Amino acid sequence: MKLFLDTAVVEEIREIASWGVLSGITTNPSLLAKAGRSVPDFMREIDSLVKGPLSLEVTAESSEEMLKEARKLRGYGENVVIKLPLTPEGLKTCGQLKEEGISSNLTLVFSANQALLAAAAGADYVSPFIGRLNDNGADGNGLIREIRTIFDRYGIAAKIIAASIRDPRNVTEAALNGADIATIPYAVMKKMIAHPLTVDGLRKFKEDWENSRLSL
Ligand code: G3P
């Protein structure tokens with residue numbers, strides 16, 4: 001399973017990209033608003049940092065306006081994937097973008113049927129929101145499992161992005177249930193690397209080595 005960072009904060013992208021673990025980035029209008037970044041400003045700053053796909057989301061409601069926004073967003077880079085909402089207008093736009101050779105990521109997916117519709121419309125990525133489902137008493141990772149089973153059974157190539165990740169366990173479960181990608185907030189990425197036994201083990205190695213007075 002590939003790891004994407006779900007953020008619009010340039011410093012977070014810089015730090016996690018330096019670990020060499022990032023395969024892509026996703027953003028949404030809320031994340032950009034929170035970071036106080038306009039899209040051109042954001043894209044200019046992360047130019048050389050992101051190698052893989054980078055999702056930017058449209059905000060329009062009609063397909064006509066979504067298409068205009070999508071073409072503009074795609075103008076910021078060849079690796080830009082257009083995030084579209086799972087609405088009739090979003091599906092329509094997805095098909096049109098496919099014809100133009102522009103990749104799309106259908107977002108706000110909360111059911112297997114929505115994922116099927118996204119794939120049928122030509123989506124390259126579908127983004128089930130596991131955290132928001134769990135928040136509402138549903139089973140986010142059960143949804144990943146259902147979509148995986150259906151996509152495998154019918155040879156559907158669209159990639160499943162586990163989104164709305166809230167904690168490190170969500171990432172493990174997304175991987176176990178067959179997501180192709182997990183898009184992970186910075187704070188969760190930092191928790192994924194941390195383990196008290198790693199810290200303790202490192203301290204002990206250092207202490208033993210220093211006490212030995214040997215050299216490398
Ligand atoms: O990738 C979608 C994600 O940003 C939504 O996360 O935490 O707002 O549900 P959240």
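What I am showing is a predicted model, in which local features need pLDDT of at least 70 and side-chain atom pairs count only at pLDDT 80 or more, whereas totals for chains, interfaces and linings use all residues. Residues are numbered from 1 along each chain as its sequence is written, and side-chain values use heavy atoms, with hydrogens and water left out.

With that definition in hand, if we take the contacts in the protein between residues at least 6 apart in sequence, 55% of them join residues at least 24 apart. The protein has eleven helices and eight strands, where helices (H or I, at least four residues) and strands (E, at least two) are DSSP runs, numbered from the N terminus. Its C-alpha trace spans about 70 × 40 × 30 Å along the principal axes. Of its 216 residues, 45% count as buried, and buried here means under 20% relative accessible area, with exposed over 50% and partly exposed in between, using a 1.4 Å probe and protein chains only.

Let me turn to the interior. In soluble globular proteins, nonpolar side chains tend to be buried together. A nonpolar core, as I use the term, is a set of buried Ala, Val, Leu, Ile, Met, Phe, Trp, Tyr and Cys residues joined through side-chain atoms within 4.5 Å. The largest such core in this model has 56 residues, and Phe42 and Ile82 are the ones that touch the most other members. Helix H6, residues 112–121, gives the most to this core, with five residues. Apart from it lies another core, of five residues, among them Val81, Tyr125, Ile161 and Ile181.

Which residues does Phe42 touch? Leaving out residues up to four places away in sequence, its partners include Thr7, Ile13, Leu32, Arg37 and Leu56. Thr7 itself sits in the loop between E1 and H1, and it counts as buried because its relative accessibility is 3%. The side chain of Thr7 also makes a polar contact, at 2.7 Å, with the side chain of Glu12; a polar contact is a pair of N or O atoms within 3.5 Å, and within protein one must be able to donate a hydrogen and the other to accept it, while residues adjacent in sequence count only if both atoms are side-chain atoms.

Next, please look at helix H10, residues 186–193, where Tyr186, Val188 and Met189 are buried. These residues cover an arc of only 160° around the axis, taken from the directions from the helix axis to the C-beta atoms, which puts them on the same side of H10. The buried residues of H10 pack against strand E1 (2–6), helix H1 (10–18), helix H9 (168–176) and strand E8 (181–184).

Finally, there is the ligand, and the residues that surround it include Asp6, Lys83, Phe129, Ser164, Arg166 and Thr183, each having a heavy atom within 4 Å of it. An N or O atom in the side chain of Asp6 is 2.5 Å from an oxygen atom of the ligand. For Ser164, a polar side-chain atom lies 2.7 Å from a ligand oxygen atom, and for Arg166 a polar side-chain atom lies 2.7 Å from an oxygen atom of the ligand. The protein covers 81% of the 310 Å² of accessible area that the ligand has on its own, with accessible areas coming from the Shrake-Rupley method with a 1.4 Å probe, and, for residues, only the protein chains shown counting as cover.

Notes
Contact = heavy atoms within 4.5 Å.
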